[in-house]
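Trainee: I have a model open and would like to learn how to read it. Could you walk me through a few features?

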Amino acid sequence: MPDRALPERFTAPPDHAPRSPLTSECSGCGACCAAPDIHALHKPLGVACAHLGTDCRCGIYLSRPAVCRNYEPDWVCGEVAPLPTLEARVRRFLRIYGLEDEAATSAGAPT
Ligand code: SF4
Ligand code: SF4
């Protein structure tokens with residue numbers, strides 16, 4: 001019997017069965033610092049934050065903005081974190097949210 005139920009945010013939508021074991025904590029994979037757009041940091045979609053190190057750690061961790069402090073791991077982490085490269089994790093993150101085309105467009109790729 002499980003000790004306690006995971007919060008709802010760790011449950012994948014019914015049309016998106018998780019392929020990876022459920023993750024309930026951040027493993028520091030860096031995907032959420034590279035995939036989404038973050039207005040507070042002027043960070044475009046699909047582009048790694050300027051403060052993200054090559055080790056996928058935040059270079060301004062102690063002074064990172066509230067949007068980063070308040071970000072919580074959820075079921076998407078279990079989908080992206082096990083992938084072997086940041087590029088693959090970002091691609092998967094964008095695919096989950098249907099943002100691949102938008103990311104390519106905002107990066108100036110030909111349409
Ligand atoms: S995507 Fe999830 S596991 Fe990866 S760094 Fe962000 S919160 Fe952590
Ligand atoms: S400021 Fe740090 S925590 Fe926030 S997106 Fe950039 S690297 Fe990630």
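**Reading the ligand shells and backbone**

Mentor: Gladly! The shell around ligand 1 holds 8 nonpolar, 3 polar and no charged residues, where Ala, Val, Leu, Ile, Met, Phe, Trp, Tyr, Cys and Pro count as nonpolar, Asp, Glu, Lys and Arg as charged, and the others, Gly among them, as polar. This is a predicted model, in which local features need pLDDT of at least 70, side-chain atom pairs count only at pLDDT 80 or more, and totals for chains, interfaces and linings use all residues. Residues are numbered from 1 along each chain as its sequence is written, while chains are lettered from A and ligands numbered from 1 in the order in which they are written.

Trainee: Which residues surround ligand 1?

Mentor: A residue is near a molecule if its C-beta atom, placed from the backbone, lies within 6 Å of it. Around ligand 1 that gives Cys26, Ser27, Gly28, Cys29, Gly30, Ala31, Cys32, Pro73, Cys77, Val80 and Ala81.

Trainee: How does the shell around ligand 2 divide?

Mentor: Into 8 nonpolar, 1 polar and 1 charged. Among its residues are Cys33, Cys49, His51, Cys58, Arg64 and Cys68.

Trainee: What should I look for in phi?

Mentor: Most residues other than glycine have a negative phi. Here histidine 42 has a positive value, near 55°, and cysteine 56 has one of about 65°.

Trainee: Is histidine 42 buried or exposed?

Mentor: Buried means 20 or more other C-beta atoms, placed from the backbone, within 10 Å of a residue's own, exposed 12 or fewer, and partly exposed in between. Histidine 42 counts as exposed because it has 9 such neighbours, whereas cysteine 56, with 16, is partly exposed.
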